[in-house]
Amino acid sequence: MQNSEPREFSVVEMNNSSSVLHKIANLYAEQLMSDLIIKVGNNTYPAHRVILCASSEVFQVMLMNPEWNEWSKTVIELKEDPVCYPVFPSFLEYLYKGKINVSLDTCLPILSLADKYNIKDLVQLCLDYMFKHIAAAAKHGCFISWLSYGWCQPFHRDLAEELQRFLKWNLKIVADSKDFLDLDINILIMLLQQNDLVIESEFLLFEYVQKWVLARQEQIFTEYSLADEEKRREVAYITETVMKHIRFPMMSPAEVSHILQEEPVAKQNPKLFMEFVTHAMSFHAGFDSSKSHSANDLKYTPRLYTSDQFCVSIVVPEFEKVEDYKSIASNFFSQVSLQESQQTDQTIAWEIDFFPRGVRFNAAKLINIYATADIPETILKTVRCRITCREKLTEDKKFMIGVLITGIQGRIPYCKTVYVRVQYFSQEENVLIIDNLLPYEELELSSVNLSPYLVSNNRDTLDLSVIIIPLSDLSCSVAPKFEID
């Protein structure tokens, strides 16, 4: 009798793909049966057309299309940037093995090769690495080269935007590194136009920009093949083009006076800096600058200054022990005005309440002349910051409110998230509530290494700062976008 039972039960997949990959890798390692020699710089590398064509559409067109010179050649020379020479063997080996070692120094040249030859999986590996190591790149002097590359590659827009945010909010880390002086002038100018640039003071920002200008000046006089007069004109042009975006009125009169008398870039350009100082002193004297003030003039607009006079820090240690719905309170006193002529002994008192584990409203009764209603308990799963003005303001006052939240990446703390509001406060409207500062669900679990917002050596601390800066009628809240054209 014929057995009619199905035979599918006897089918078993036998996976020996690792062995096949090993054999392909051996073709590269042992240089077996190579049918092509690739020359890069002064080095040559045996390769296999079939592997190159299978890995890259660019190689496929180059090596299989009779219209290309390389189609019939057994030795082809690739014109690569010299920085790619050291990583080319690893790049080529990746096409055989699918494995590659990437570091802060090698990631960018590997990415540029992967982009050039359209190796999409390798492109993604490099991008993933860069996103996870931005803080380390800034700390170790690779950041500016990453930013410059991302700025020029519109198909890496997400990476470029992340790098731009890091630069705005962590300028001190970048400016203290060795490659800050390589920052492109167009990126620097766009950076200096941003209102949400985080920096201790405008004076410190000036010092960083002066360092950049002096380095560019030295480069022009030592490397450019121009007449001395042309070099001086070039230096003067660069100085004015960059320095006009420093907001001198946002410095104290003592700081701008020091710049005019002591700083080298001001001594080299006395007429230019006298104009800058005049604007600053007129602002502090309370003179009407509106006649020469245009709607897009940013020099009277503060940035996110982290000095003690504008900023208060809130640290929440041992976050897992914080009770649900508990408020961490802090008090702060801000200046009445940025103009020295309007500064008095009076300050404005603020109360800041931070709710890292949600907000609870207790049950209550609503009683009016018509009826009584029960209001049930309400719980909001949000990370909230409540900012209350405690002064009885006689008129509406405008403030820039910033909340800076520290994150960690590769054990390096940095400013990860920034919230900015321009807010009017009055006697009737004296509270600003900012919700969803952090992902509530992520912090609710709050185990070590779960959230990039848990910092300190034990990864158990929340660290944020609140900035409150008065604005004047001359302040401009709309700045040009920091983006790729």
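Helix H8 (residues 143-152) is mostly covered, with seven of its ten residues buried. Here buried means under 20% relative accessible area, exposed means over 50%, and partly exposed lies in between, with a 1.4 Å probe and protein chains only. Helices (H or I, at least four residues) and strands (E, at least two) are DSSP runs numbered from the N terminus. The model is predicted: local features need pLDDT of at least 70, side-chain atom pairs count only at pLDDT 80 or more, and totals for chains, interfaces and linings use all residues. Residues are numbered from 1 along each chain as its sequence is written, and side-chain values use heavy atoms, with hydrogens and water left out.

The buried residues of H8 are Phe 143, Ile 144, Trp 146, Leu 147, Tyr 149, Gly 150 and Trp 151. They pack against helices H5 (107-116), H6 (120-132), H7 (134-139), H9 (157-169), H10 (171-175) and H11 (185-192). Contact is taken as heavy atoms within 4.5 Å.

Strand S8 (residues 348-355) is largely enclosed by the rest of the structure, because seven of its eight residues are buried. Two strands pair if DSSP finds at least two bridges between them. S8 runs antiparallel to strand S7 (residues 328-334), and seven bridges join the two; in this pairing Phe 333 stands opposite Ala 349 of S8. S8 also pairs in the antiparallel sense with strand S13 (residues 384-389), over six bridges. There, Asp 353 stands opposite Arg 386 in S13.

A search of the whole structure finds 13 salt bridges, each defined as a side-chain nitrogen of Lys or Arg within 4 Å of a carboxyl oxygen of Asp or Glu. Three of them are set out below.

| Salt bridge | Closest N and O atoms |
|---|---|
| Arg 165 and Glu 162 | 2.7 Å |
| Asp 435 and Arg 384 | 2.7 Å |

The Asp 435 pair links distant parts of the chain: Asp 435 is in the loop between strand S16 (431-434) and helix H17 (440-445), while Arg 384 is in strand S13, 51 residues apart. Asp 435 is partly exposed, with a relative accessible area of 29%, whereas Arg 384 is buried at 8%.

Salt bridges that share partners join Glu 229, Arg 232 and Arg 233 into one network. Glu 229 and Arg 232 are three residues apart in helix H13 (residues 228-243), so about one helical turn separates them. An α-helix has 3.6 residues a turn, so residues three or four places apart point the same way. Glu 229 is partly exposed, with a relative accessible area of 41%, and Arg 232 is partly exposed at 44%.

Arg 165 and Glu 162 are likewise three residues apart, in helix H9, and are separated by about one helical turn. Arg 165 has a relative accessible area of 32% and is partly exposed; Glu 162, at 27%, also counts as partly exposed.

On the surface, Val 61, Trp 68 and Trp 71 form a nonpolar patch with about 300 Å² of accessible area together. Patches are made of residues with over 30% relative accessible area and no salt bridge; like charges are joined within 9 Å, and nonpolar side chains (Val, Leu, Ile, Met, Phe, Trp, Tyr) within 5 Å. Accessible areas come from the Shrake-Rupley method with a 1.4 Å probe, and for residues only the protein chains shown count as cover. Trp 68 is found in the loop between helix H3 (57-64) and strand S3 (75-77), and counts as partly exposed at 41% relative accessibility.
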